[in-house]
Amino acid sequence: MAGLVEFAKMNGLGNKILVVDMRGRPDKVTPEAAVALNADPQTQFDQIMAIHDPKAHGTDAWIDILNSDGSKAQACGNGTRCVVQALAAETGRKAFTFQTVAGILNAAEHEDGSISVDMGKPVFAWNRIPLSEEFFDTSRIELQIGPIDAPVLHSPSAMSMGNPHAIFWVDKDPMAFDLERFGPLLENHPMFPEKANITLAQVISKESLRTRTWERGAGLTLACGSAACAAAVSAARTGRTGRKVEIDVASSPIRQPLVIEWREDDHVIMTGPAEWEWSGRLDPRTGAFTRDLEPGAQAN
């Protein structure tokens, strides 16, 4: 295969990530390549984080983000942590500034290996989330699933963390709900002209939440960083918690919380882990790939 690029299979709290090195190249990872990679169990992913040469002065890279269906994503906090870990291992640096379609992201790796990402400022205006109907207060919008007199889910908090989110507040474990059935209906609801990430959030205490997310363009996911940020901000915004919380991502096999702080300067800081799994080379046009030689590795 000609024109291959290096990539790493990683995860951020279980969120399946492919970090693809596209630096020094004018082309991009194609939607067709993304769909092909997601179809293979070895490379199945939630997001591709494609690292490109920087476009803006003072940034280290432009990050192009693709969902598993080949569509574009504006933000991926768990994926950004994976990019930081990969570049920190390559360069020895600890702090980075990235540009995405959602804006500028600053991130840093700490001595304990955890990584913090400044996810920027939340957006609450209905037309910027965006919603298809005008709501003066988007902390509680009119939307429900189930019988009108006994809805299963209702009255979500809506906001954007660079991508649209709807947070449904539940009073029991989010894993107890059939999100696989409700998720597609809500993601594609006419209320969300650009679709939306759908999160179920349970308040455990003033300092902690438990969440589960149906991710726009990816479906059920083990973790979603921007959704964790949206849940934390929405919880503080509605008085359910303070401005710094631990998020227990219910669906993640990695039992380590994300720490989300909505600072007084309005920036949302997410801190959590990233993990390298294996590396290889791929064709960004087709998705054909090979794994680096290692014990137990297989080639495609």
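The model is predicted, so local features need pLDDT of at least 70 and side-chain atom pairs count only at pLDDT 80 or more, while totals for chains, interfaces and linings use all residues. Residues are numbered from 1 along each chain as its sequence is written, and side-chain values use heavy atoms, leaving out hydrogens and water.

**Stop 1: Asn163**

Select Asn163, in the loop between strand 11 (157–160) and strand 12 (164–170); helices (H or I, at least four residues) and strands (E, at least two) are DSSP runs, numbered from the N terminus. Is Asn163 buried or exposed? Asn163 counts as buried because its relative accessibility is 4%, where buried means under 20% relative accessible area, exposed over 50%, and partly exposed in between (1.4 Å probe, protein chains only). Beyond four places in sequence, Asn163 is in contact (heavy atoms within 4.5 Å) with Gln74, Ala75, Asn197, Arg216 and Ser226.

**Stop 2: strand 6**

Next, colour strand 6 (residues 95–100), where 5 of the 6 residues are buried. Two strands pair if DSSP finds at least two bridges between them. Strand 6 pairs with strand 4 (residues 61–67) in the parallel sense over 2 bridges, and Phe98 is the bridge partner of Ala61. With strand 7 (residues 103–109), the pairing is antiparallel over 6 bridges; there, Phe96 is partnered by Ala107. Strands 6 and 7 form a hairpin with 2 residues between them.

**Stop 3: the nonpolar cores**

Stay on Phe98. Along with Ile247 and Ile260, Phe98 has the most contacts inside the largest nonpolar core, which has 47 residues. Such a core is a set of buried Ala, Val, Leu, Ile, Met, Phe, Trp, Tyr and Cys residues joined through side-chain atoms within 4.5 Å. Helix 4 (residues 225–237) gives this core its largest share, 8 residues. Another core, of 21 residues, lies apart from it and includes Leu153, Met191, Ile198 and Leu200.

**Stop 4: the cysteines**

Finally, show Cys76, Cys82 and Cys224. How many disulfides does the structure hold? There are 0, a disulfide being a pair of cysteine sulfur atoms within 2.5 Å. The closest cysteine sulfur to that of Cys82 is in Cys76, 7.7 Å away and therefore too far for a bond. For Cys224, the closest is also in Cys76, at 6.7 Å, again too far. Cys82 is buried at 0% relative accessibility, and Cys224 is buried at 6%.
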